[in-house]
Amino acid sequence: MAQQSQAIYMQQLATSPESESILHKQLLAKYYMIFGEGSVFLLIMLVGIAQVRKAFKKESELLARQKTFLHSVTHEFKSPIASMRLQIETLLKRNLSNEQQQQALSNALEDTERLDQLLEKILISARIDNGELPFYPEKINLSDKLRDSLNKLLRSYQHRDIVEHIQDKIEIHIDPWAFNSIVTNLVENALVYSPKDKPVVVELKKEGNKILLLVKDHGPGIPIEERKKIFQKFYRMSTSSGYKGTGLGLYLVDYIVKRHNGSITVKENSPNGAIFEVALETE
């Protein structure tokens, strides 16, 4: 196309020398047009390549998290099942005292509760994906509900210490099941990551038009660069190796909190550990 334009230019220049300036401007305009169109095409192509690479990276990360989830959930299922089998075999094959029988049955019951909680997380996650997780807010005494949730947790973690700082008579409209799920997931995470000789601190207080729920642990903490990623589905921290988990708990908490027009943030707990802060708006 450039050669053809140049030929036309030379032909017209030979017949009309006085039109040199006009023809020169026309030729430059054509060159600029070609250059501009080419630049736009190149830019669109580069943006397209960047978007494809970004999508591919995101898909690869999701597949990696799903693989980690399958590995973790398989282990999480096998562990309580193996423990229940051991308890039942012990009851069947040995002549145990009444106290020993009660202990074996209690251990088996704890294992069934672990399985039930794991299945509930998976089912809730699936319902979220399908848009089938309804909430039924009602006015509840959040202080009493929190104490009740913590008492249930302590039955499964009898040798752990949970320090409570709960203001009385805090009320809000919220789905009771949803609030219990928030508390259970956050406190269980704190118990898993904290040393067994360190307490987990749970606070509930009202500040202005906000209700704050804080869960503080003394675990390895959460690196700054991972504090937003931990709420992604199936995501497990780089420091979570050796700890139990599926990567679903914080994902569910984040979803539930946002559905109730709240927010959740992660802060550093001095000298070590993490603080999860849930903020809910009052009426």
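**Entry 1: Leu 142.** I began with Leu 142, which is buried because its relative accessible area is 0%; buried means under 20%, exposed over 50%, and partly exposed in between, with a 1.4 Å probe and protein chains only. This is a predicted model, in which local features need pLDDT of at least 70, side-chain atom pairs count only at pLDDT 80 or more, and totals for chains, interfaces and linings use all residues. Residues are numbered from 1 along each chain as its sequence is written, and side-chain values use heavy atoms, with hydrogens and water left out.

I found Leu 142 in helix H4. Helices (H or I, at least four residues) and strands (E, at least two) are DSSP runs, numbered from the N terminus. Which residues does Leu 142 touch, not counting residues up to four places away in sequence? I listed Ile 170, Glu 171, Ile 172, Ile 174, Phe 179, Leu 204 and Ile 211, where a contact means heavy atoms within 4.5 Å. I also looked up the C-alpha atoms of Leu 142 and His 173: they are separated by 9.1 Å, and the two residues are 31 residues apart along the chain.

**Entry 2: helix H4.** Next I checked the length of H4, residues 142-156. At 1.5 Å a residue its 15 residues should span 21 Å, and the end C-alpha atoms are 22 Å apart, which agrees. The expected span is 1.5 Å times one less than the number of residues.

I then noted the buried residues of H4: Leu 142, Ser 143, Leu 146, Ser 149, Leu 150 and Leu 153. They cover an arc of only 130° around the axis, so they are on the same side of H4; the arc is that of the directions from the helix axis to the C-beta atoms. I recalled the general rule: an α-helix has 3.6 residues a turn, so residues three or four places apart point the same way.

What covers these buried residues of H4? The cover includes strands S1 (138-141), S2 (162-166), S3 (171-174), S4 (200-207) and S5 (210-216), as well as helix H5. At the N-terminal end of H4 I found a cap: a side-chain oxygen of Asn 141 lies 3.1 Å from the backbone nitrogen of Ser 143.

**Entry 3: aromatic rings.** I counted 2 aromatic pairs. Rings of Phe, Tyr and Trp (its six-membered ring) pair if their centres lie within 6.5 Å; planes under 30 degrees apart count as stacked, over 60 as edge-to-face and the rest as tilted. The rings of Phe 135 and Tyr 255 have centres 6.5 Å apart and planes at 35°, so this pair is tilted. Phe 135 lies in the loop between H3 and S1 and Tyr 255 in helix H6, so the pair ties together parts that are 120 residues apart in sequence.

Are these two residues buried or partly exposed? Phe 135 counts as buried at 13% relative accessibility, and Tyr 255 counts as partly exposed at 21%. I noted that Phe 135, Trp 177 and Tyr 255 form one aromatic cluster.

**Entry 4: helix H6 and what follows.**

In the loop between H6 and S6 I found Asn 261. Asn 261 has a positive phi of about 60° although it is not a glycine. Most residues other than glycine have a negative phi. Asn 261 is exposed, with a relative accessible area of 64%.

I saw a second case at Lys 169, whose positive phi is about 55° although it is not a glycine. Lys 169 is found in the loop between S2 and S3 and is exposed, with a relative accessible area of 73%.

**Entry 5: strands S6 and S7.** I followed the chain on to S6 (residues 263-268) and S7 (residues 274-281), which run antiparallel and are joined by 6 bridges. Two strands pair if DSSP finds at least two bridges between them. Ser 263 stands opposite Ala 279 in S7. The hairpin has 5 residues between the strands, and Gly 273 there takes a positive phi near 110°.

**Entry 6: the whole protein.** Last, I noted the totals: 6 helices and 7 strands. Of the 283 residues, 36% count as buried. Among contacts with a separation of 6 or more, residues 24 or more positions apart account for 69%.

Notes
A polar contact is a pair of N or O atoms within 3.5 Å; within protein, one must be able to donate a hydrogen and the other to accept it, and residues adjacent in sequence count only if both atoms are side-chain atoms.
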